[in-house]
Amino acid sequence: MSPLIEVVDIGKTYGSVIALRDVSTVVNAGEVTCVLGDNGAGKSTLIKILAGVHQHDRGEFRVEGEPVRFSSPREALDHGIATVYQDLAVVPLMSVWRNFFLGSEPTKGFGPVRWLDRKTGRTTTRKALADMGIDLRDVEQPVGTLSGGERQCVAIARAVHFGAKVLILDEPTAALGVKQAGVVLRYVAQARDRGLGVVLITHNPHHAYPVADRFLLLKRGAPLGQYEKSEIDINELTRQMAGGAELEALEHELRAQA
Amino acid sequence: MDERVGRSGLTDRLIVRPEVGALLGAVVVFVFFTVVTEQFATIGGVATWLDDSATLGIVAVAVALLMIGGEFDLSAGVMTASTALVTATLSTHYGWNVWAAVVVSLLFALGVGALNGWLVMRTGLPSFIVTLGSFLALQGLNLGITRAITGTVQVSGMRSTDGYAGAGYLFASTFTIGGVEFQISILWWVVVIAAAAWLLVRTRFGNWIFAVGGSAPSARAVGVPLVRTKILLFMGTATAAWLVGTINILRFTTVQANQGIGLEFQYIIAAVIGGCLLTGGFGSAIGAALGALIFGMARQGIVYAQWNNDWFQLFLGVMLLAAVLVNNGLRKRAERVRR
């Protein structure tokens, strides 16, 4: 069976800037592929290609074996690829259930005259959130009143509910406290256990290691290495992330000065 | 309902509604002028200020939807004159049937609205600037073309045109309640309010309006057709301006080429008094209608009280500031962010 997503030697340039080159990886059903890298490593560019926001100009991007090139996020969604962005996952002033169904609202009516089925919207939202183990007080409250972690969870539950096969999470834990981050990671694991392929973008190896099956490290737009979980432990992952040898050199330098 | 929702109380639920401030304001203004003037609360008085509110409110409601969608339309005021001029020129100068002229005028409005929206989406410039441009351009066209065709800066003589009776009945007739004539514009206003309120909170499109105004990138990321939604909203304000332009030309049978300037800010002010955020994503159609009602009541109330009209501007300024402050407080309550 072909993987849900496969990219082969993919690349992207903005004018004369090479944002991404020669990146290859796979995302399988029921597995978490973790993309790690510092700021400017090309993580955002990679997920924007996967999410249909940008198009790659080199290499090949396959979804379930079929080569694709998305022209809009809608097209990526239609292929079952849902993306949850760090800070723009939801519309803060809108209620939880309106956010949950945004873009896929349930309607009823006669022929072309259709209106929102608000009752279905509310009950379905409540149930979908409960199925993911998310317990909200009131689905009519504005999403802005939720905590950062809860907002991410609503966005994840939404993607799962609407039949996403691949879930892309952009820095879901970056702005969160330790406890909140743990809650979000639990939902990531839950989405994985439901058979979704997950792409988790982060710069925190301690968040990545417990849930991920595969690690793709990026640096300055190029792959630094790719490891299965069995091939690498968290210390080595952290070392590679932090720049490995460079960091050791810095440490020596600082010690010498002291 | 979850047990933790509990006693959210009627006041708490009311206070998060955007139109509450405007409703209170409307009640205060109504009571005030009822007390200080004699004619204000008579049927004749009501008919007068309802008509004033209606011709303002029809466009204000559409402008409110656009503002909730995160954009401005400064060309809406001048558009009421442009559409009236198109109708009047075609039917008086070129002898068209009024109905045909009215339809062409509507197509013209839809075209300008679509162009506004397309330019805003295409260039990514603030709609404030883009529609300021179309506001000035339309103002110039109104005067230039009218002068070129008629040699003057007004078009009149609608009454003798072909089809005037029927179109006039639909857009500019009156109905009688308690021996007093009410303008049909009031009914149009009610229809526009009902349609806009329903569209906004009960349909998919309404959901999209809140989303594109509240957070355009989020909306786009979940598949909301951002460009189409915003262009349709611009076409909506242009259509509302066309409706008012048509009502005006058929009622007064004359249009000045420099009419409508300054109205664009009145629409925005009515929408803001009605609880629309300048930043988009929050507001209500009924609120904007209440804003227009406050406007109409105050403008006519000052006339009945025989005060100098200068005081109206002061009232407007104070009202606007008060509304923005109250709405800001209400919105913060609505989205108390806890982390």
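## Strand pairing in chain A

Analyst: A:Val8 has A:Glu60 of β4(A) as its bridge partner. The model is a predicted one, in which local features need pLDDT of at least 70, side-chain atom pairs count only at pLDDT 80 or more, and totals for chains, interfaces and linings use all residues. Residues are numbered from 1 along each chain as its sequence is written, while chains are lettered from A and ligands numbered from 1 in the order in which they are written.

The bridge belongs to an antiparallel pair: β1 (residues 5-14) and β4 (residues 58-63) of chain A are joined by five bridges. Strands here are DSSP runs of E with at least two residues, and helices are runs of H or I with at least four, both numbered from the N terminus. Two strands pair if DSSP finds at least two bridges between them. In general, strands of a sheet pair through backbone hydrogen bonds, either parallel or antiparallel.

β1(A) and β4(A) are part of an open sheet of four strands, with antiparallel pairing and the order β2-β1-β4-β5 in chain A. At its edges stand β2 (17-27) and β5 (66-67) of chain A, each pairing on one side only.

Chain A also has an open sheet of six strands, ordered β6-β9-β10-β3-β11-β12, and here the pairing is mixed. β6 (81-84) and β12 (222-228) of chain A are its edge strands; each has a single partner strand, so one side of each is left without a neighbour in the sheet. From one strand to the next, the twist averages 15°.

Within this order, β3 (residues 32-37) and β11 (residues 214-219) of chain A are paired in the parallel sense over five bridges. Opposite A:Cys34 stands A:Phe215 of β11(A).

Two helices of chain A pack on this sheet. One is α5 (residues 148-161), which touches β6 and β9 (166-170) of chain A; residues are in contact if their C-beta atoms, placed from the backbone, lie within 7 Å. The direction of α5(A) makes about 175° with that of β6(A); axes are lines fitted to C-alpha atoms, for helices over the stretch in contact, and angles run from 0 to 180 degrees between N-to-C directions. The other is α6 (residues 178-193) of chain A, in touch with β3, β9 and β10 (197-202) of chain A. Its direction makes about 155° with that of β10(A).
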